[in-house]
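Welcome! Try each one before reading its solution.

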Amino acid sequence: MKYRRLGRSGLKLSEIGLGSWLTYGTTTSGDVARACVHRALDLGINYFDCANKYGETPHAAESILGEALRGLPRSSYVIGTKLFYPVGPGPNDRGLSRKHIMDQVHQSLRTFGTDYVDILYCHRHDPETPLEETLRALNDLVTQGKVLYAGISEWPPTEISNAAAICRELRLYPLTVSQPVYNMLARRIEGEELPQARELGIGLITFSALGQGVLTGKYGAGSLPEGTRAAADQRVSYLIRNRYLHPDQVAKVEQLRDAARRLDLTLAQMALAWVLRVPDIACALVGASRPDQLDENVGASGIELPESALREIDEILAS
């Protein structure tokens with residue numbers, strides 16, 4: 001496993017990280033999740049991504065992940081979690097107000113069974129809360145040692161710029177990390193967000209690097225085979241069908257599979273290596289509902305795709 005610095009910070013993350021969106025606390029049991037986490041650690045993965053909203057109930061995925069990591073040296077792994085989405089019926093059970101941030105961080109710490117989380121993300125931008133209020137709350141948590149690094153996920157570039165300016169003006173701890181979606185079939189960040197992150201020194205941890213499994217090739221011809229997450233979970237099925245399983249996308253995936261075969265790689269390995277070709281990306285997140293899936297994915301760490309392969313991939317994606 002190779003490791004990369006997260007932006008301008010000194011934190012080093014494994015190039016492949018294990019996410020828990022749409023797996024832990026939903027389609028994947030605690031025993032299987034524990035096996036996946038332990039296999040990830042054995043393979044050198046040190047970053048584990050979560051959110052207070054993941055799972056069938058609030059904090060369910062955090063509980064499973066915390067149990068799987070319990071008893072291990074705290075210095076040996078890095079936890080990221082998120083807040084923003086509703087976790088209850090009350091008017092303050094959502095958003096990025098100081099109250100909600102403080103309430104949810106303390107709940108996450110109790111659920112994980114730890115004194116601190118390494119990375120706290122604002123899961124989305126909150127137009128109803130002054131940006132300064134949110135940033136001061138994050139700064140206080142970092143000062144208290146309950147959060148080590150603060151970040152954002154899927155924020156508009158304008159708001160990222162505004163946040164960076166406020167942090168500079170008020171001498172607050174800067175945002176360290178951004179977590180956007182990025183894969184061969186979803187390249188939005190290449191336009192504005194990637195150059196912006198580079199300029200601001202914000203590291204990137206990308207999610208859906210395998211396009212919800214589409215870039216593993218298991219959804220060939222647009223089908224949802226029995227035993228896959230998409231077949232078992234209607235939410236995953238909806239996401240895949242609406243974002244990726246269009247006829248032109250399916251055709252591209254088949255061409256990409258052939259390109260990977262010529263490189264003696266699996267499609268998943270090529271897709272992950274393609275994401276990691278960007279030096280500003282510290283870590284690409286994958287999901288796993290079985291421990292053996294991680295062996296294949298970790299094989300992408302350290303792979304440098306030749307220029308000829310990158311040109312061929314670009315031609316396929318542009319077709």
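**Exercise 1: The largest cavity**

By class, eight nonpolar, two polar and one charged residues make up the lining of the largest cavity. Keep in mind that this is a predicted model. Your task: find which residues line the largest cavity, and which element gives the largest share of the lining.

*Solution.* 
- Step 1. Start with the search of the whole structure, which finds two cavities of 30 Å³ or more.
- Step 2. Pick out the largest cavity, with a volume of about 70 Å³.
- Step 3. List its lining: Ile-160, Ser-178, Pro-180, Ile-189, Glu-193, Leu-194, Gln-196, Ala-197, Leu-200, Ile-202 and Leu-204.
- Step 4. Look for the main contributor: α6 gives the largest share of this lining, five residues.

**Exercise 2: The second largest pocket**

Now turn to the second largest pocket and work out how many residues line it, and which helices supply at least two residues each.

*Solution.* 
- Step 1. Take the volume, which is about 260 Å³ for the second largest pocket.
- Step 2. Go through the lining: there are 15 residues, and Pro-174, Leu-175, Leu-200, Gly-201 and Ile-202 lie nearest the centre of the pocket.
- Step 3. Assign the lining to helices: α5 (157-170) and α6 (193-200) each supply at least two residues, and the largest share, four residues, comes from α5.
- Step 4. Sort the lining by class, which gives nine nonpolar, three polar and three charged residues.

**Exercise 3: Helices α3 and α4**

Are helices α3 and α4 roughly parallel or roughly antiparallel to each other?

*Solution.* 
- Step 1. Find helix α3 at residues 98-112 and helix α4 at residues 131-144; their axes come within 9 Å and cross at roughly 30°.
- Step 2. Apply the cut-off: angles under 35 degrees count as roughly parallel, so α3 and α4 are roughly parallel to each other.
- Step 3. Note the handedness of the α3 and α4 crossing, which is right-handed.
- Step 4. Name the contact: Arg-98, Ile-101, Met-102 and Val-105 of α3 meet Glu-133, Thr-134, Arg-136, Ala-137, Asp-140 and Leu-141 of α4. By class, this contact has five nonpolar, one polar and four charged residues.

**Exercise 4: Helices α1 and α11**

Which residues of α1 and α11 meet?

*Solution.* 
- Step 1. Helix α1 (residues 30-42) packs with helix α11 (residues 291-298) at an angle of about 30°, and their axes are 8 Å apart. That angle makes α1 roughly parallel to α11.
- Step 2. The crossing of α1 and α11 is right-handed.
- Step 3. From α1, Ala-35, Cys-36, Arg-39 and Ala-40 meet Pro-291, Leu-294 and Asp-295 of α11. Five nonpolar, no polar and two charged residues form this contact.

Technical notes
Residues numbered from 1 in each chain as written. Predicted model: local features only at pLDDT ≥ 70, side-chain atom pairs only at ≥ 80, totals over all residues. Heavy atoms only, no water. Axes fitted to C-alpha atoms, helices over the stretch in contact; angles between N-to-C directions. Parallel < 35°, antiparallel > 145°, perpendicular 65-115°, else oblique. Left-handed = near helix turned anticlockwise from the far one by under 90°. Contact = heavy atoms within 4.5 Å. Nonpolar A, V, L, I, M, F, W, Y, C, P; charged D, E, K, R; others polar. 1 Å grid on protein atoms, 1.4 Å probe; cavity = no way out; pocket = protein on both sides within 12 Å on 5 of 7 lines; lining within 4 Å. Points joined across faces, edges and corners; volume = space filled by probe spheres on them.
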